[in-house]
Protein chains: 4
Amino acid sequence: MNPGFNIVKAGHIEFLVTDLDRARQFYVDTLGFVVSSQDSDHIFLRGLEDRQHHCLTLSRAPSPGVGHFAFKVASEDDLNAIEKLVSVAGAYSRWVDASEETGLQGKALMVEDAYGFPVEFYAKMKAEDWMLQRYDRYRGAKVMRLDHFNLMLPDAARAYEWYVNSLGFICTETTETEGPHPSLWAAWLRRKHTCHDIALTTGKGPRVHHAGFTVADRGAIMDCADLLASSGYLDRMERGPGRHGVSNAFFLYLRDPDGNRLELYTGDYLSSDPDWVPIKWKLNDPQRQTFWGTKTPESWFNEAMLVKSPRSGEFQAVKAPSIKDRPDYLISGR
Amino acid sequence: MNPGFNIVKAGHIEFLVTDLDRARQFYVDTLGFVVSSQDSDHIFLRGLEDRQHHCLTLSRAPSPGVGHFAFKVASEDDLNAIEKLVSVAGAYSRWVDASEETGLQGKALMVEDAYGFPVEFYAKMKAEDWMLQRYDRYRGAKVMRLDHFNLMLPDAARAYEWYVNSLGFICTETTETEGPHPSLWAAWLRRKHTCHDIALTTGKGPRVHHAGFTVADRGAIMDCADLLASSGYLDRMERGPGRHGVSNAFFLYLRDPDGNRLELYTGDYLSSDPDWVPIKWKLNDPQRQTFWGTKTPESWFNEAMLVKSPRSGEFQAVKAPSIKDRPDYLISGR
Amino acid sequence: MNPGFNIVKAGHIEFLVTDLDRARQFYVDTLGFVVSSQDSDHIFLRGLEDRQHHCLTLSRAPSPGVGHFAFKVASEDDLNAIEKLVSVAGAYSRWVDASEETGLQGKALMVEDAYGFPVEFYAKMKAEDWMLQRYDRYRGAKVMRLDHFNLMLPDAARAYEWYVNSLGFICTETTETEGPHPSLWAAWLRRKHTCHDIALTTGKGPRVHHAGFTVADRGAIMDCADLLASSGYLDRMERGPGRHGVSNAFFLYLRDPDGNRLELYTGDYLSSDPDWVPIKWKLNDPQRQTFWGTKTPESWFNEAMLVKSPRSGEFQAVKAPSIKDRPDYLISGR
Amino acid sequence: MNPGFNIVKAGHIEFLVTDLDRARQFYVDTLGFVVSSQDSDHIFLRGLEDRQHHCLTLSRAPSPGVGHFAFKVASEDDLNAIEKLVSVAGAYSRWVDASEETGLQGKALMVEDAYGFPVEFYAKMKAEDWMLQRYDRYRGAKVMRLDHFNLMLPDAARAYEWYVNSLGFICTETTETEGPHPSLWAAWLRRKHTCHDIALTTGKGPRVHHAGFTVADRGAIMDCADLLASSGYLDRMERGPGRHGVSNAFFLYLRDPDGNRLELYTGDYLSSDPDWVPIKWKLNDPQRQTFWGTKTPESWFNEAMLVKSPRSGEFQAVKAPSIKDRPDYLISGR
């Protein structure tokens, strides 16, 4: 269980956008992310609670998707230990120099894991002013910080082994398929003391289903729904607001103007105890996805973000899973 | 516009239920209505803000529906004036003695209006303790008071004339059909200074679509959704929580164990000014019903409560409207 | 009780400010009032729910205070009836031409009542866009509309007679002094269907203690406290946030940069019924002012806004009341 | 910094109460703590989010105070390592058998630290049903879990060294005295990823100032204030509701019927990063204690809970600090 290194938390994610100005209008002017820095090809954003340079990078690109996502580790020694582990496992990795990513300090390790995901590990990032008590800067969704990545992939059970046994993640909740011989269908795994830093769900992949961002409270999500509905972003709300069964969080799923998906998320629980016993759900439980029984739209299962291969720089091809990739109760339309 | 009498507000409604104990568990133990009195065939309920005996009567009956709904008037003189108006209009009415309805004081007038609805008018009701600052009594949905009746009927435009020109209601909002020759499809009419005391909507009728009850705030509606989902009432939530376009209110629609429909409702506006210009909506505006664009389930348009004829004591037969009875964007399922 | 005319509601108030730019920064940039128009000497403001030109006027003046406050009436006929009443009562009044106050339409009546207050009555005002569903315009305290005026004067009991018997106000709550022979110490009076349009309280006067503005909900008041504390306005919060006993409203009292006092207010009750029985409080009840028992700072009783005489254009001289002007439980400091 | 063992979090605290029935009425019937078990001398309570037997024990005793407080560690090995550390440091400790404390599993270590506090360390506790999604069980303050202990002692700086250097706590915030040669006046230290598990503040001690319990959200604190004010507990609210500067949390301080102090607390931040730079405050900063500038009552500095010596079973004698024990801006009264 102790992997010999310390992954601290989900650290940041890079969204590819085709129009930086349009993306800025959505993320900054409307949702209220704080701009740490900007150049001609990138906008680096943080939340009100963040004390470091970025948790979300918007990068100009010909088509949408995810450039990479990254975990923060405790020290550079941890990077070296991860590099060794990845190398032994036969996966691709390369060192990233601080100069390659604005805000990074010291080196980072970019990995293409066995499932095809572009995963960066880094230890240090430039410090930024804390906006937590700058309530005069609170806007839109009152985004506090990045919370988690939700990955969709054909073999969630195998990736579970990698994250838990090799990378030291702890499982807080699972979903299993129905029937006498249930398979692991999804898992919520954490390093920091919340419900999760990463979720692994069964579906066509490798794709990133969404990135979850913590917001101030339930009211902020309601207010944000009202705001988006008044700001020309009506069709950017895909699912919710509602209460999750898994995680117990209050949520709203958004699609940015390029279709990249993010979740506004608040109200999960403290998971600090190492003797935590995972909460188990069945795939067809009507309260699993939305505790209030509201059905999930089909698009939520069909669509997700392609990911770039760190090796080739191209989007990874996707494969379908061998098991059912969704519950039985979807609706067509929201 | 001044009808020579003063209707104060939507006063109370009688829901027919087939199992009083089951209904009590839903309305009292779960939603938190306050019981003013109870006999073998009725439970008389009020909200936390009410200072009078009841705003909701549950009456044991062989099948669900609405026994009658009632408007409070300023004085007994107003009752006499309304009796005269109704008589001239050729509608059925009869005097109700205070002994016929627990809590009533003085006489009431029971009318079967030209549209077939059982409408009571009354001036005085027994005083009860105010629970507004008895926060130790707050439960469930924190129901404050009755807000409005929503009626479904084939000819909303004709009923509009009756309510506005004869009864002195003021129109706050309307919905019109699409196209070059729009018809009035629905109207929101008020006596008290809120969005409405009564809504008239086009559909099979005469039926009561729902009764709306004001709750403390948006948080109370969210909390109530969580509570119902934990209390075996998952399938009793039909639509919402969400924000209305019309009325701007935050809402959740419920079906009681018999299928009678009520709305938890909060956050409309002050409409005190006699020079209020009605807000106009088009039937297919995606933000009209739910400001966030969420679609309405079919059941919401198909199902409504039958009403008892004051004359025959039987349920009124229903007729279909000659114009379209719903927008184009419904979904099948919630 | 029926005075032969119809006062609709508390309509607007004029605050005198010594620095318009500084006032704009407070009211518009921070609290989020909507600017309807502005000239070199005035800023005309409305709330998000208002459909008319202004509910608050900021007027450049050598020293702070209240220029006038105004009630909206239903029609110009009502203005004539009030002029007659005032004239019979021997009070000063004059007709105000629409050109004298931006936004006014038709004439208005400016009265100096027997207690020295500058009270305007008007029927019509320029229509403005409704911002209620322009959630992209919501800022700061999310001010919805003007709710009430709170007046401080030596003889509240006598003014009570004028407002109730001559002007047709309805009493919702009262405060009486302690002891075997209690006097009326304060009264809350309404025309619209809320707790009050005007409160009359015992103290040095004539002065306006504060104007109360309705905000979206309890959360908006909390958020506003955080915002003011982050915006250099820490010392502009005088009392609260808290829950009132009288009115049951949630509140925060502010002093603008000139010391004029306003209340952010939300969550009172519907008072539509003409047979409402007033709620009675005793002056020393520890839950009367703040339901949670928190004591009120001395400044809240000592300080209030001077009012201009419509006759002389000078501030009215103030007189002390013959009865005790405050409860026994004050604190020095907040 | 790595002490060779792993303290997980603040685990539970034992409050001494003189009347168990009266205490149950306050903690269970009003605040809504969940009862895990009860015997003639104790009530064992947990929060809605807790999955283990207790976070608060009420023990019948001749006078109020704190019996002990406890940290959860990751394993029994950690207990052995702490025993060794404590023994080397010359402090008193003894092994507690699981049979001595209902709910404990395996042994625990009871320490009297160098500052006189009764600190228990334990690894395992009986599992209990999770109430997080049993919204039908939510009551009163919606207490989720224990968050922190706040200790008052004459030499906070020395205790800081013990907690950080020997026990492996991480400092998130500090308060220093004013002047050219500031002393550490208070420190907030954490093991779990929140603002703190323990606060060390300068004052007469050893005493426990309060135990902080996490509640669902800001609304739960407001609702609880209304509830307490309606339930005969008006004088049990000592300070708040308000927003802290330190921790940024929303709070309400309560005194139980015996005078033991607890804090309802919500809305601090994620502190997972080992490279966190402590936030620094000065003792007299008016926004340090309450971000809105509201002054703290004297009782909050004068009164705190005596602690029992694990060695003698008697309350520890208290000593005054050599430096100032409070800021300059207190008020007498609330």
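This is a predicted model: local features need pLDDT of at least 70, side-chain atom pairs count only at pLDDT 80 or more; totals for chains, interfaces and linings use all residues.
Trainee: Is the peptide bond from C:G205 to C:P206 cis or trans, and what is its omega?

Mentor: Most peptide bonds are trans. The one from C:G205 to C:P206 is cis, with omega near 10 degrees.

Trainee: Which residues does the cis peptide bond in chain B join, and what is omega there?

Mentor: On the proline side, look in the loop between β12 (198–202) and β13 (207–215) of chain B, where you'll find B:P206. The cis bond joins B:G205 and B:P206, with omega about 15 degrees.

Trainee: Okay, on to phi. Is A:N248 buried or exposed?

Mentor: First, find A:N248 in the loop between β14 (237–243) and β15 (250–255) of chain A. Its phi is near 65 degrees, a positive value in a residue other than glycine. Most residues other than glycine have a negative phi. Buried means under 20% relative accessible area, and A:N248 is at 2% relative accessibility, so the call is buried.

Trainee: And what is the relative accessible area of B:K142?

Mentor: B:K142 is in the loop between β8 (118–125) and β9 (143–153) of chain B. Phi is positive here too, near 50 degrees, and B:K142 isn't a glycine. The cut-off for buried is under 20%. B:K142 counts as buried because its relative accessible area is 16%.

Notes:
Residues are numbered from 1 along each chain as its sequence is written. Chains are lettered from A and ligands numbered from 1 in the order in which they are written. Side-chain values use heavy atoms; hydrogens and water are left out. Helices (H or I, at least four residues) and strands (E, at least two) are DSSP runs, numbered from the N terminus. Buried means under 20% relative accessible area, exposed over 50%, partly exposed in between (1.4 Å probe, protein chains only).
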